[in-house]
Amino acid sequence: MTDPIAIVERGYDAIAEEFETWSTANVGPKQRYLAELTARLPNDAAVLELGCGAGSTLARLAERFDVTGTDLSREQLRRSAERVPAATLLQGDLTSLELPPASFAAVASFYVLGHVPRERHATVYRLVAEWLAPGGLFLANMGIHENPGTVEDWVGGTPMYFSSWPPETNRRLLAEAGFELLLDALETTQEPEGDTTFQWVLART
């Protein structure tokens, strides 16, 4: 396969069980940034998670909010449906999703943008800005390296697609989509294979 979207979809279907174990071994700032987001939202706010995976974060969000989750992987969404039966779940490529404008108070995306071809990142940010109500919040992390697109053996030796821009390009693309950065920092995540640094941002339309 050479299509990045197909590689990611098939990869996450294949590693669904192993990935949950792999994820729990990660030590990073995700929960701290998630707390920054949720503290700024009223109860019952509409929240969208892009790349919700098996639903662990979606379940936490569903304790206070009206949640929608999207993912490429049907197997991951099946697990989300079991874990968060109250969630609205959508399968598909986040760069071509059709969602009502101004329908969410917040959009979150964790460890997902690195699997999206970087030439589509501007489209993702534009779509997120459209889906957010005025003053809506966008929480995400993204890679920081000049990577035009590579396929690497990842969890369990499964091929996975990665792509990223350096931080200054990430900031420019967000600004061009109409976002104001509230938080912007480089943070290290301790993954099973070793430490990896991401750019974490909390932005407002």
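The model is predicted. The chain holds seven helices and nine strands. Its radius of gyration is 16 Å, close to the 17 Å that the globule rule gives for 205 residues, so the chain is as compact as a globular protein of that length.

**Overall build**

- The C-alpha trace spans about 40 × 40 × 30 Å along its principal axes.
- Of the 205 residues, 50% count as buried.
- Take the contacts between residues at least 6 apart in sequence: 64% of them join residues at least 24 apart.
- The chain exposes about 9,200 Å². Carbon and sulfur atoms supply 50% of that area.
- There are 16 positive and 29 negative side chains. The centres of the two sets lie 4 Å apart.

**Helix H3 (residues 30-38)**

- The buried residues of H3 are Lys30, Tyr33, Leu34, Leu37 and Thr38.
- Seen down the axis of H3, these buried residues fall within an arc of 135 degrees, so they line one face of the helix.
- The cover over the buried residues of H3 includes helix H4 (56-62) and strands E4, E5, E8 and E9.
- Threonine 38 belongs to H3. Its relative accessible area is 13%, and the cut-off for buried is under 20%, so threonine 38 counts as buried.
- Threonine 38 touches Leu61, Arg64 and Phe65, leaving out residues up to four places away in sequence.

**Helix H6 (residues 121-131)**

- His121, Val124, Tyr125, Leu127, Val128 and Trp131 are buried in H6.
- Down the axis of H6, its buried residues fall within an arc of 165 degrees, so they line one face of the helix.
- These buried residues pack against strand E1 (46-50), E4, E5, strand E7 (159-164) and helix H7.

**Helix H7 (residues 167-176)**

- Buried in H7 are Pro167, Thr169, Asn170, Leu173 and Leu174.
- Viewed down the axis of H7, its buried residues fall within an arc of 160 degrees, so they line one face of the helix.
- The face of H7 turned away from that buried side carries two exposed residues, Glu168 and Glu176.
- The buried residues of H7 pack against helix H6, strand E5 (132-142), strand E8 (180-191) and strand E9 (194-204).

**Positive phi outside glycine**

- Aspartate 44 has phi near 70 degrees, a positive value in a residue other than glycine.
- Aspartate 44 sits in the loop between H3 and E1. Its relative accessibility is 63%. The cut-off for exposed is over 50%, so aspartate 44 counts as exposed.
- Alanine 102 is not a glycine either, yet has a positive phi of about 55 degrees.
- Alanine 102 lies in the loop between strand E3 (88-91) and E4. At 43% relative accessibility, alanine 102 counts as partly exposed.

**Valine 112: a buried loop residue**

- Valine 112 is in the loop between strand E4 (104-109) and H6.
- Valine 112 counts as buried, at 12% relative accessibility.
- Beyond residues up to four places away in sequence, valine 112 touches Leu50, Gly51 and Leu94.
- Valine 112 and leucine 202 are 90 residues apart along the chain. Their C-alpha atoms are separated by 15 Å.

**Glutamine 91: a strand residue**

- Glutamine 91 is part of strand E3.
- At 31% relative accessibility, glutamine 91 counts as partly exposed.
- Setting aside neighbours within four places in sequence, glutamine 91 is in contact with Glu9, Asp71, Leu72, Arg74 and Leu77.
- Glutamine 91 and histidine 121 are 30 residues apart along the chain, with 19 Å between their C-alpha atoms. Histidine 121 is one of the buried residues of H6.

Notes:
Residues numbered from 1 in each chain as written. Predicted model: local features only at pLDDT ≥ 70, side-chain atom pairs only at ≥ 80, totals over all residues. Heavy atoms only, no water. Helix = DSSP H or I, 4+ residues; strand = E, 2+ residues; numbered from the N terminus. Rg over C-alpha atoms; globule rule 2.2 N^0.38 Å. Buried < 20%, exposed > 50% of the residue type's maximum accessible area, 1.4 Å probe, protein only. Contact = heavy atoms within 4.5 Å. Areas by Shrake-Rupley, 256 points an atom, 1.4 Å probe, with all protein chains shown as cover. Lys, Arg positive; Asp, Glu negative; His and termini not counted. Charge placed at Lys NZ, Arg CZ, Asp CG, Glu CD. Arc of directions from axis to C-beta.
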